[in-house]
Amino acid sequence: FEEFDPALIGITPIMFENAFYSRKQRQIVTAKTALYGEDDWLSLSGTQVREMLRAGQALPEEFTRPEVSAVLIEGLREG
């Protein structure tokens, strides 16, 4: 979106930083708000998430609620 003039595309993009879970802070943070280094961060790539769900493995509770993992796993089984 940085390549396009917002007036020409009719929208104003809002850019967000990647967010991840800080084990020590016990909350979602970004690189700007994290008080601890990367070894503290729980961050999963889209590929990692898909692999875990396809294997029937629930995502970490810090990443998503257990009931959401269950729905996603079931959806992949049916799809």
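1. A nonpolar core is taken here as a set of buried Ala, Val, Leu, Ile, Met, Phe, Trp, Tyr and Cys residues joined through side-chain atoms within 4.5 Å, where buried means under 20% relative accessible area, exposed over 50% and partly exposed in between (1.4 Å probe, protein chains only). The largest such core comprises 8 residues: Tyr21, Leu42, Leu44, Val49, Met52, Leu53, Leu59 and Ile73. Helix α2 (residues 46-54) gives the most to this core, namely 3 residues; helices (H or I, at least four residues) and strands (E, at least two) are DSSP runs numbered from the N terminus.

2. This is a predicted model, in which local features need pLDDT of at least 70 and side-chain atom pairs count only at pLDDT 80 or more, whereas totals for chains, interfaces and linings use all residues. Residues are numbered from 1 along each chain as its sequence is written, and side-chain values use heavy atoms, with hydrogens and water left out.

3. Contacts (heavy atoms within 4.5 Å) of Leu44 include Val49, Met52, Leu59, Pro60 and Phe63, not counting residues up to four places away in sequence.

4. Gln25 lies in the loop between β1 (20-22) and β2 (27-29). Gln25 counts as buried because its relative accessibility is 16%. With residues up to four places away in sequence not counted, Gln25 touches Thr33, Ala34, Leu35 and Tyr36.

5. Arg65 is placed in the loop between α2 and α3 (66-78). Its relative accessibility is 53%, so Arg65 counts as exposed. The C-alpha atoms of Arg65 and Arg50 are separated by 16 Å.
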